[in-house]
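Trainee: I am new to this structure, and I would like to learn how to read its features one at a time. Could we look at it together?

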Amino acid sequence: MDDLSRYLNNFSFAGTTKESYAHVLKQLFFEIGDLESFTPDQFLVFINRENWGSCYRWVAYNVVRGFIRWRYG
């Protein structure tokens, strides 16, 4: 089981929440790759996309922070 699956299964999220979180995190993994070298500047660029509205940016902001906290402590 990969980190994404473990993270999503670690909490009792609703199905739609899991889908949204998975979408954001898959994009993050695809674009950034190694999160150990993920910088604050990259984080800001990632969440401030023009095609994401303010609500989805808030979701992305929180899920990325939560995942990094869960994964790296």
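Mentor: Gladly, and please keep in mind throughout that this is a predicted model. We can begin with helix 2, residues 15–32, whose 18 residues should span 26 Å at 1.5 Å a residue; its end C-alpha atoms lie 25 Å apart, which agrees. Just after helix 2 comes Gly 33, which takes a positive phi of about 80°.

Trainee: Which residues of helix 2 are buried, and what do they pack against?

Mentor: A residue counts as buried when its relative accessible area is under 20%. In helix 2 the buried residues are Tyr 21, Ala 22, Val 24, Leu 25 and Leu 28, and they pack against helix 1 (3–10), helix 3 and helix 4.

Trainee: How should I describe the way helix 2 and helix 4 pack?

Mentor: Two packed helices are described by the angle between their axes and by the distance between those axes. For helix 2 and helix 4 the angle is about 70° and the axes are 9 Å apart, which makes helix 2 roughly perpendicular to helix 4. By class, their contact has 11 nonpolar, two polar and no charged residues; among those that meet are Leu 25 and Phe 29 in helix 2, and Val 63 and Phe 67 in helix 4.

Trainee: Where is Arg 49 placed, and is Arg 49 buried or exposed?

Mentor: Arg 49 is in the loop between helix 3 (40–47) and helix 4 (54–72), and it counts as buried because its relative accessibility is 15%. Leaving aside neighbours within four places in sequence, Arg 49 is in contact with Gln 27, Glu 31 and Arg 57, and a polar contact of 2.6 Å joins the side chains of Arg 49 and Glu 31.

Methods:
Residues numbered from 1 in each chain as written. Heavy atoms only, no water. Helix = DSSP H or I, 4+ residues; strand = E, 2+ residues; numbered from the N terminus. Buried < 20%, exposed > 50% of the residue type's maximum accessible area, 1.4 Å probe, protein only. Polar contact = N/O pair within 3.5 Å; in protein donor to acceptor, adjacent residues only side chain to side chain. Contact = heavy atoms within 4.5 Å. Expected span 1.5 Å × (residues − 1). Axes fitted to C-alpha atoms, helices over the stretch in contact; angles between N-to-C directions. Parallel < 35°, antiparallel > 145°, perpendicular 65-115°, else oblique. Nonpolar A, V, L, I, M, F, W, Y, C, P; charged D, E, K, R; others polar.
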